[in-house]
Amino acid sequence: MPEGPSVRKFQLLTSPFVGQVVAKVGGSSRKINVNDLNALRLQDSQVHGKNLYLAFVAAEGPLGPPAEETVLQREAASGGGSPAQEGQEQVCAPQDEELQELHHSRAEPPDAAEDRGNWLRVHFGLFGSIRANEFSRAKKANKRGDWKDPTPRLVLHFESGGFLVFYNCRMHWCSSPRADPASDILSVEFHRGRALDALRAPNPICYTLLDQRYFSGLGNIIKNEILYLAKIHPLTRGSLLPLSDLERLLDCAVRFSADWLHSKLHGKGLHRQIYQKEQCPLGHPVMKETLGPSGGFKRLTWWCPQCQPAVL
């Protein structure tokens, strides 16, 4: 699924539409009634970790801050992260993908119809994306040999003539964003001390890195890449590593995430060193295995046994 840097780029695609009124809607989503968005004004757009939040109000309602004044755009121009706003009242709880990553099984209570809130939470699945003023087209034939374009979950046409298209994502209404800037690896408020405490736990380090309570926005690609950059075996227990190694791993996480976002904003691809590779940059054979906590969600993990030796 898209990781923090990708979702922040999606947010930038929505920002120019803040303040505009929805003129027509479409899409295949069954989680929400897409027609409810007709004639509403997009008031705000925020990103927290791997989630995008869109605020809608009645067209005659207050506009809120103009799109060009959003925090993310100001910081994108300066190369920084995005400080998040602490949500209050009822918050949007994580859904299936995040529950698996967190290894916490919590039921999400449905929003009451009469108090659903005006924030639309968007969580992207595998290959989920947003496009502005264009539709995604099939790049190859499916198993039946048909060239079928992807089906949008939501299409928002605005009075200005522009439109946004959402693919492979889950959406639901809530009263405020679930926001913890201290856990967001791309936020200027990211709490290194709390993250280091989490890494010191006697758990395999690759499990801890995917815990969104401490590393919001960090996903499987970032996990694999930073473990290689820090020369740490994915199954090493954090309690066995010296503080200097954990500090270096944390530096790699922040730097790699920021560099990936910078590359995305400038239309450049990601230079992967270990993820989905057969050899590391030094030419050593790479191991691949599905790793995860017992009874929890497991993710494909790549590592070099020579560059990332096991710590017993």
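Between which domains does the largest pocket lie, and why? Domain 1 (4–60 + 116–174) and domain 2 (181–303) both give residues to its lining, so the pocket lies between them; the domain bounds come from an automatic or database domain assignment.

The model is predicted: local features need pLDDT of at least 70, side-chain atom pairs count only at pLDDT 80 or more, and totals for chains, interfaces and linings use all residues. Residues are numbered from 1 along each chain as its sequence is written, and side-chain values use heavy atoms, without hydrogens and water.

The volume of the largest pocket is about 1400 Å³. Closest to its centre, of the 41 lining residues, are P2, L126, F127, G128 and S129. (A pocket is an open set of points on a 1 Å grid over the protein atoms alone where a 1.4 Å probe fits, with protein on both sides within 12 Å along at least five of seven lines; lining residues have an atom within 4 Å of a point.) The lining divides into 18 nonpolar, ten polar and 13 charged residues, with Gly counted as polar. β4 gives the most, seven residues; α6 (220–229) and α7 (243–265) are among the elements that each supply at least two. Helices (H or I, at least four residues) and strands (E, at least two) are DSSP runs.

| Pair | Axes come within | Crossing angle |
|---|---|---|
| α6 and α7 | 9 Å | roughly 130° |
| α4 (192–199) and α7 | 10 Å | roughly 120° |

Methods:
Grid points are joined across faces, edges and corners, and a volume is the space filled by probe spheres set on the points. Axes are lines fitted to C-alpha atoms, for helices over the stretch in contact, and angles run from 0 to 180 degrees between N-to-C directions.
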